[in-house]
Structures are given as C-alpha cells and as structure tokens.
Amino acid sequence: MKKIIAATLCSVLIGFPALAQTPQLIPKPVSLKTYPGHFQLTAQTKIIVPAGSAEAQRLGNLLAGELQPSAGSTLQVSSVNKPLNAIHLKLNKTTDASIGNEGYHLTATKTSVTIAANNPRGLFYGIQTLVQLLPPSAGKTSTANRQIPAVDITDYPRFGWRGLMLDVSRHFFSKQVVKNYIDEMAKYKFNMFHMHLADDNGWRIEIKGLPQLTDIGAWRVMRTGPFGFASIPDARPGEKATYGGFYTQDDIRELVKYAQDRYITILPEIDVPAHSLAMIASFPNVSCTQLQYPVNPGSDFYMKQDNVLCVGNDSTYMILDKVFTQIAQLFPCPYIHMGGDEAFKGFWEKCPKCQGVMSREHLKNVEELQSYFVKRVEKIVLSKGKKLIGWDEILEGGLAPSATVMSWRGMQGGINAAKMGHEVVMSPAENCYIDLYQGSPLLEPHTYGQLFLEAAYNFEPVPDSVDAKLILGGQGNLWTESVPDERQVQYMTWPRAMALAEVLWSPKEKRDFNEFTGRVESHFKRLDAGQIKYARSIYDPMVSGIRMPGDTALKVKLDSQIGKLDIYYSFDTTNPDLHSLKYAGMPLAIPYGAASIKAVTYRDNKPIGKQIFVNLKDLRR
C-alpha cells in the first residue's frame, strides 16, 4: 500500500511544471513555463523553415551552425514539414500583436521545438534563447548534453534601443575583434552597436578625398599603460607614429553587413567639436590655434593643446560635410552621433574667428557658441537624410531642434531633454560605464570610478517625471583608455553587460538581483566554453574602514558583492584560509600593532575569490 501511495504521489508531483528545473536564461523572458521531459537533439533532427522566405532559410542555416557541436553533425534545413524530431521556425500568418516586432513564442516538447514570430528578427531572438536552453558544453561529453528542456516561453523586449558602445579610437581594434564583440552582443539580444570612431587618440575610418585623416590621424607613437599617467610621455621629436590603424570603407561595409545579419545596427560616432585632436593633427587649420599637434598617445594634454574645432572657421564645416556625407552613405543607421561632450571653451574665448561668430550671431557666451555649432552640424546631418544624436552636453546653450540626447552625466540631461519633447537614450555613467572598476581597485586592472554588477542591474532608464515613450532605451559604454586589447575588452564587458541586457529587455517587475546572480554564474560556464574572458569580481572580498557612532576608533568592515560567501581574514600578515578567523558580519576592531589585513572568500568550503591585502593606514585616510 505504501508503495502504491508513493508511486501515485510521485506521478502527481512530476506533473507540476514548478518541479522542472528552470533554465538559466539571460535576459529573463517575459513568461517562462517549464514541464517535465525534454527534446533530444540528434543528428537526425531537422530544422523546418517557411517556404519562400530567404531570410528564414538563412536563419535556419545559422541555427544549424550553432547546433552543430550539440547534434554531432550539421542539421538539415528544409521547408518540407516534419512533425517529429524537428525544430520549426515559423512566421506568423496573422500578426500576434502581443509580441511586437522583436518578440517570439518558443515551445519545446518531447517530440519537437517551435519558434514562432511575426518576422525574422523575432525568430533570431528565439534562436538565441534556444541555444541558451542547451548546456554550455553541449555535445562535448555525452548525449545528455543534447537535451532541450520542455518549456513554453513568450518573450519580447521592453525597449527598442539596447546598446553597447566600444571606443575604437583610444586603441584600435581589428575588424575580427569587432565581429567577435558583435557575436557576443547578439547572444544577449543587444541590437545597437555604437562605434566611437574618432577622438584625440586616433581617427579610425577612411574618408575618400581626405587621406590625411588616416595617413596622419590614425597613427600615434607607441606607449604602454593607462592614459593620463605621468609615465605616458608626449611624442619625442622625430619619433615615428606607428601605433594605430583604421577601417577601410570596404571594412565598414563588411562590419555593417555582419551586424545586420545578427539584427544589430551600427551607430557611428564622430566626436566634435572637442575630442578632435586626431582631426586637428591631420588639418591644423581647423583649430583655433592652428598649431601642428601630434595625435595624442595618452599623455596629459587637456587645456594645454587645442583639441576643439574652431567654430568660426569655414574649413571646419567643409570637412565635416564631406565626412558626414560618407558616414551617411556607409551606415544604414538612421542616426549619426556627433559626440559634443567635454569641450574646453578657453581657446574659443581667445579666438578672433569664434568671437566674430558670437558678435555676428548675438551669442551671449561660449555655451551658446557650442549650441550654434551643434545646430550647424545638425543641419549637415539632416541634409544627409539622418538624425542627430549627441551626448547630453549638446543641451548647453540650447538644444538643436530635432536632436536626440544620449544622457551620460547622470539622468538629468535626459530628463531635461524629454521634458522638452526630445527623444532620449539613457546611459548614465553610474550605471552604464563599463570601463569603471568592477571590484576593489586593489585587485583590478587600473581604471577609475566604480560600477559594480548590482549598480548596472539597478539601472532604470525611465524616470518617473517624463513621458516613457520618449525614452528609446539605454546602453553601456566601454571607453578604452585602460583597455588595450580584446581580452580586456571582454573582461570589462562581461558580466556587467548581462545586467544591462536584462534591464533593457526584461520586464522591470521581474528583476531580482540575487536570483540574477545565480543565472550569471551559470553563464560563466558558457563564457568558459567560448574562451571569453570575464570578471569574477563578484566573488572577491571588499575591505573598508568604518567609525561607529560615539566611537572614534577605526574598525574594519568586510563584504562581497554577492551573498552566501564566507570571508576569512588575518591581521598578522599570514594568508587566511578556511581555518582562519571567519568574519561574522560585524565591524572588526583592529588589534594593537596590526598594520594590515588580508581577506579571502570561500563558498562550500572552497576558495572562490581572490585574496586581498590592505594597508590599514590607507583605510584611515
């Protein structure tokens, strides 16, 4: 009798979807239901696509390539229906308004998998989810790794602008590196790739008729180390500029097509009027000083060398017209980003041509002079059939009539623009600058500031005080002053870009940081399988000094970015381990004579984070 009851209870329990293991998907879908059982991927599985759709056929081939390691061979793609042992890519004959242009329905049963969408873009995003349903090492160890869990998913994005920016000026990154970055973006359903193509440290795009921009502007002298350090000297007299590179127009066309195939739009940025030293090195007459400067190698030059275009020089606009003409032809993106940030206006104040413009146009100050420049650039951009977007400094002195604002100095610039009726992309540094420290500076490669994973995850693009329809979305930005190569690009991007991906795709009410970190950890295995470098900073200990109310004595607080980690420490210079003093959550009194503290994190009695060493005198500062 007990056996019958047990068997009956078991059969009832396994019928409840909640008992099936929840797939670890990023970004989290709008709706996910799990069921017992799985679909077994085999070499005989077929991919069925709609007849007559070349794009669906391409996506079927793309999926076959993604699944080839899991299936053990390249799956056959066909438009002949096969009800069993098949993955069906379906385009809805009647539009499903609930999922919009980018959404999809994904259903996996024991016999088949179906992805249905209103258009191929939705199918593409469904494919990214399907790949995540497979284990990270699918097909490499056993047939068990070829199982797709039984699920029913409905999914669509919260925002239409889901972006990442890569600065390719401070350091030039090859075409292949950019393609690799686009590949990783696509896996997390990003759809906007912002390329920062020109700055003080390099001009990165061929412009026909202006060869100086790449003959001179694309190259600088070689220096090693983070920008702005005293150890980064200026170019020596006679030193050759050999470090850099640029993308030919054919390279750009190839990258645009590569991104389009993954439903990613490339947004080009030419940063003006400031951050223009590479252009000025190529054409000295477009600065107020008209001095010959070298392309900056990362040395300290701000306010010493003139990196701002002369607003009163007609040559400035002639060059920009030619540049933006070709940019508009190369990039299908409806926007051109003009930068507009961090312009030092001291040279304008002393420039006769700029002062002449201010007098002629009755401009009260140099902020209005910058607004005059932005509005002229906007006219150029509009004449090319594009819309202007710029950093929030373009608000200063008066915003151009139809400009879109990308707000980076917090949210206020975006709020102000939205209240004026302008569209906004939110990108506040405190949530979205993925070049900032993501752990303790004592354990991380040199950079500046601080952006932990939780701060990225807590990003909310829509302030309460504005019309939500004017907030297009958001993006993360990777400036590369301290990012010299592809491995460091990866390290700074992941996992924080996963947090931003979820913010920009998933429903706000579904966010839960503690639950999210569990999914992030499962995706570390995917990054390992793909040999992608990523930061494990969430596991590392953090040390800070604290003074309790009514007590002047400094105490030491230990912490970590995620919970359920044990922290062990020592004040006596020995290396702590599982058998050392365990932190109990209360600030620590400093033993008499102690000069330093070391700490390390463990989980399940195994070390998981780096060991940190802190001089106590640094905590007293």
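Select strands β5 (residues 104-108) and β7 (residues 147-155), which pair in the antiparallel sense over five bridges. Strands here are DSSP runs of E of at least two residues, numbered from the N terminus, and two of them pair if DSSP finds at least two bridges between them. The model is predicted: local features need pLDDT of at least 70 and side-chain atom pairs count only at pLDDT 80 or more, while totals for chains, interfaces and linings use all residues. Residues are numbered from 1 along each chain as its sequence is written, and side-chain values use heavy atoms, with hydrogens and water left out.

**Around β5**

Select His 105 next. In β7, the residue opposite His 105 is Thr 154; in β6, the residue opposite His 105 is Ala 116. Strand β6 (residues 112-117) runs antiparallel to β5 and is joined to it by four bridges. A hairpin of three residues links β5 to β6.

Now display the side chains of β5, which alternate along the strand.

Ile 48 stands opposite His 88 in β4.

**The nonpolar cores**

Return to Leu 106. Together with Phe 193, Trp 203, Ile 205 and Ile 270, Leu 106 touches the most other members of the largest nonpolar core, which has 172 residues. Such a core is a set of buried Ala, Val, Leu, Ile, Met, Phe, Trp, Tyr and Cys residues joined through side-chain atoms within 4.5 Å. Centre the view on Ile 270: beyond its neighbours within four places in sequence, its contacts (heavy atoms within 4.5 Å) include Leu 197, Trp 203, Val 323, Phe 324 and Met 338. Another core, of 17 residues, lies apart from the largest one; among its members are Leu 554, Ile 567, Tyr 569 and Ile 597.

**The three-stranded sheet**

Move to the open sheet with the order β19-β20-β23, in which the pairing is antiparallel. Its edge strands, β19 (541-546) and β23 (588-589), each pair on one side only. Strand β20 (residues 555-560) is joined to β23 by two bridges, and Lys 555 stands opposite Ala 589 in β23.

**Cysteines**

How many disulfides (pairs of cysteine sulfur atoms within 2.5 Å) are counted? The count is zero. Select Cys 310, which is buried at 2% relative accessibility; its sulfur lies 3.8 Å from the closest cysteine sulfur, in Cys 351, too far for a bond. Cys 354 is buried as well, at 0%, and its sulfur is 3.7 Å from that of Cys 288, the closest, again too far for a bond.

**Confidence**

Finally, colour by pLDDT, the predictor's confidence in each residue from 0 to 100. The protein averages 94, and 95% of the residues score at least 70. Over residues 1-18 the pLDDT is below 50, and this stretch has six contacts beyond near neighbours in sequence.

How values were computed
Buried means under 20% relative accessible area, exposed over 50%, partly exposed in between (1.4 Å probe, protein chains only). A disulfide is a pair of cysteine sulfur atoms within 2.5 Å.
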